[in-house]
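Please examine the protein shown below.

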Amino acid sequence: QYSESVALLAAISLMNRAYGVIAACATLTDAQKVDLSALLARVIGAAGLCAGQYSDLYEKDYYCQTSETEQMHFLKTGILFIGAAQAGARVAGASAEDEERMRQYAHCLGLAFQLKDDLSDELLT
């Protein structure tokens with residue numbers, strides 16, 4: 001509605017706000033804050049969300065096979081679901097096995113979300 005540049009600035013502001021929320025949380029230990037901040041950096045960074053968005057914008061022709069499309073969708077959206085699930089599991093003190101189960105569930109949920117989103121985009125165009 002406003003502009004692409006405003007949308008980018010809003011996204012950057014919201015992502016940075018996440019670090020502030022982690023830092024200000026009185027119920028987290030310092031070790032948990034460091035762990036969650038590192039998790040967030042991996043999820044959003046160049047090997048995570050940013051890589052998926054770049055691929056979606058500039059490498060769509062490459063992503064014509066199912067495995068490549070799944071990887072792009074994983075990086076575009078699924079990684080956010082996984083990061084949220086892992087963060088919740090870690091804060092709750094879940095076992096490594098339970099965290100892995102949450103990761104697998106979030107991976108499937110992220111793919112389903114992205115598929116629905118892409119189909120909706122195609123129907124609107």
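The questions and answers below set values against definitions.

This is a predicted model, in which local features need pLDDT of at least 70, side-chain atom pairs count only at pLDDT 80 or more, and totals for chains, interfaces and linings use all residues. Residues are numbered from 1 along each chain as its sequence is written, and side-chain values use heavy atoms, with hydrogens and water left out.

Q: What makes up the pattern of the protein along its sequence?
A: The pattern reads α-α-α-α-α, with 5 helices and 0 strands. Helices (H or I, at least four residues) and strands (E, at least two) are DSSP runs, numbered from the N terminus.

Q: Why are H1 and H2 called roughly antiparallel?
A: The axes of H1 (residues 4-24) and H2 (residues 30-44) cross at roughly 165° and come within 9 Å. Axes are lines fitted to C-alpha atoms, for helices over the stretch in contact, and angles run from 0 to 180 degrees between N-to-C directions. Angles over 145 degrees count as roughly antiparallel, under 35 as roughly parallel, 65 to 115 as roughly perpendicular and the rest as oblique. H1 and H2 are therefore roughly antiparallel to each other.

Q: Which residues make the contact between H1 and H2?
A: Contact means heavy atoms within 4.5 Å. Met15, Ala18, Tyr19, Ile22 and Ala23 of H1 meet Lys33, Leu36, Ser37, Leu40, Ala41 and Ile44 of H2. By class, this contact has 9 nonpolar, 1 polar and 1 charged residues. Ala, Val, Leu, Ile, Met, Phe, Trp, Tyr, Cys and Pro count as nonpolar, Asp, Glu, Lys and Arg as charged, and the others, Gly among them, as polar.
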